[in-house]
Each structure stands twice: as C-alpha cells, then as structure tokens.
Amino acid sequence: MEKTKAIVIADAGPIIHLDELNSLSLLTGFDKIIIPETVWHEVQHHRPQALHHAADLAFVRLSALDFSPQVDALTPIYTLHAGEQEALHLCVEFKNSLLITDDTAARLAAKSLGVAAHGTLGILVRTIREQTRSKSEVLELLRAIPTQTTLHIRASLLAEVICKVEKNT
Amino acid sequence: MTTLVETKIPDQLWQQAQNMVQQGWINNMDALIAEAIRRYVESHQQLLSERFIQEDIEWGLHGED
C-alpha cells in the first residue's frame, strides 16, 4: 500500500503505548516520523526499549529550530511540558503535519494552532482503514490496552470503542 | 503564586458556600473557591480526553490523513 504524505510528529505517550503493544511498526504507514529531541530523551528515560528499533522504523530525531510565539503563548495556558512544546514547535515548522499525542492539554493547544492531532487509539484503528491490520488484530490490541499498557482509559469507554470498531464494516 | 480575582456569585450559592466554611467543611472561602475550580477543570479535562478518544476512533475508521 502507498504511504500517506503525512509527516507525523510524535509525543512520548503514543511511542511508549504502541511499543507496550509491540506495535510501533504501525507508524511506518506514514511518510516520515519525527521524534523531537526532548521527546526522544523522555522515551529513553521511561521506555528505552521503544527506541531500540528506531533506525529500522526510520524515526527521525530532530530539534526544533524555529520557535513559534503562538506555542510559547499557549505553554502557560495549557501547562505544556517540554516535549509537548517542542513537538508543537515542530508542527508549526512542518506545515500539514500530524501530531500524535495522548495528552489532552497538548491536543487542546494543537487545536488552537490549527494542527491536526490524534492519539494512540486513532493510530491503532486507522490501520483497519489503511488495510495494514485486520479488524480482529486491532480488536485484540484494543483489548490488551488495560493489561499491557500504561494508557489510562475508562473501562466502559474502551468497551464502547471496541463495540464501535466491531460494528464497523 | 496566587491571583486575586473579583467575581459575582448568586446570593443563594454564596450563602451556601459561607455556611460550609462556617461549619468547618473547609478552611476558608479562598480554599473553597480554589477547590471548586480545580474540580471543574479536572472533570472537564476528563470529558475532553474522552471526546478526543471518540474523535480518534471516527478519524481512524472513516477519516483522511
């Protein structure tokens, strides 16, 4: 399948959560996966094994060069952490990029900046649409979230998500 | 660090809050207001995060990159 043209800029959460599900390779469906330098250090600290295959997965480790005043202005409003800040600076630098984050504040800030943002669950489910994983494979991953990952999601909401994916044709 | 704010609160609600402070449920009105705001922010944060998850699923299943 042809890769999409979207440039993904990753926050630490989805990298860690996808690795916990042994599913980091799902990100290879994107054209380019940028890991901001600060995020790289966060992942290295919390889940170093997630970066063991970074070269195979063509992760690009990058520091933000342009610092957006809008991101600086949003930082105290949303209490953005260093990794989230750098990821958002890079999103502003790379037009039409996609931020992947599981942090609500970072997503709110992304919305304010007009930056598209999605989380681990979106990345997992997207693979059905992209036909890189079967529905049953994705359902298995979704069911493994509470026991296999550090991603917190209310049990009844996860059940709703699973139901929605099951019903999707 | 704290911020001084001025706000209008309905009389009846203010009275109820004062009663709670007087009865010792909370130390003072500053603490009560801070606690009320904190709870509001936290609860809406959860609602937002759940809405984002719903958006993720919709995008994952039917969206475009």
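**Briefing: a two-chain predicted model**

Of the 65 residues in chain B, 11% are buried. For chain A, buried residues account for 42% of its 169 residues. The structure is a predicted model.

**Chain B**
- Chain B contains two helices and zero strands. Its radius of gyration is 19 Å, well over the 11 Å that the globule rule gives for 65 residues, so chain B is more spread out than a compact globule.
- Taken along the principal axes, the box filled by the C-alpha atoms of chain B is roughly 55 × 25 × 20 Å.

**Chain A: overall form**
- Eight helices and five strands are found in chain A. Read from the N terminus, the order of these elements is β-α-β-α-β-α-α-β-α-β-α-α-α. The radius of gyration of chain A, 16 Å, is close to the 15 Å that the globule rule gives for 169 residues, so this chain is as compact as a globular protein of that length.
- The C-alpha trace of chain A spans about 45 × 35 × 30 Å along its principal axes.
- When contacts in chain A between residues at least 6 apart in sequence are considered, 69% of them join residues at least 24 apart.

**Sheet of chain A**
- Five strands of chain A form an open sheet with parallel pairing, in the order β3-β2-β1-β4-β5. Its edge strands, β3 (59-62) and β5 (116-118) of chain A, each pair on one side only. From one strand to the next, the twist averages 30 degrees.
- Strand β1 (residues 7-10) of chain A runs parallel to strand β4 (residues 97-100) of chain A, and four bridges join them. β1(A) also runs parallel to β2(A), to which three bridges join it.
- Helix α2 (residues 37-46) of chain A lies across β1, β2 (32-36) and β3 of chain A, and runs at about 80 degrees to β2(A).

**Nonpolar core**
- The largest nonpolar core comprises 47 residues. Val8(A), Ile9(A), Ala10(A), Cys91(A), Leu99(A), Ala110(A) and Leu124(A) have the most contacts inside it.
- Leaving aside residues up to four places away in sequence, Ala110(A) touches Leu88(A), Cys91(A), Leu99(A), Val115(A) and Ala117(A).

**Helix α5(A)**
- Among the buried residues of α5(A) are Thr104(A), Arg107(A) and Ala110(A).
- The buried residues of α5(A) pack against α3 (69-78), α4 (82-93), β4 and β5 of chain A, together with α2 (29-62) of chain B.
- Gly114(A), which follows α5(A), has a positive phi near 75 degrees.

**Contact between chains A and B**
- Twelve residues of chain B are in contact with 20 residues of chain A. On the side of chain A that touches chain B, the elements giving two or more residues are α5 (104-113), α6 (120-129) and α8 (155-167) of chain A. Of the elements on this side, α6(A) gives the most, with seven residues.
- The residues on the side of chain A that touches chain B divide into ten nonpolar, six polar and four charged.

Terms used
Residues are numbered from 1 along each chain as its sequence is written. Chains are lettered from A and ligands numbered from 1 in the order in which they are written. This is a predicted model: local features need pLDDT of at least 70, side-chain atom pairs count only at pLDDT 80 or more; totals for chains, interfaces and linings use all residues. The radius of gyration is taken over C-alpha atoms; the globule rule is 2.2 Å times the number of residues to the power 0.38. A residue is buried if 20 or more other C-beta atoms lie within 10 Å of its own, exposed if 12 or fewer, and partly exposed in between; C-beta atoms are placed from the backbone. Two strands pair if DSSP finds at least two bridges between them. Axes are lines fitted to C-alpha atoms, for helices over the stretch in contact, and angles run from 0 to 180 degrees between N-to-C directions. Two residues are in contact if their C-beta atoms, placed from the backbone, lie within 7 Å. A nonpolar core is a set of buried Ala, Val, Leu, Ile, Met, Phe, Trp, Tyr and Cys residues joined through C-beta atoms within 7 Å. Ala, Val, Leu, Ile, Met, Phe, Trp, Tyr, Cys and Pro count as nonpolar, Asp, Glu, Lys and Arg as charged, and the others, Gly among them, as polar.
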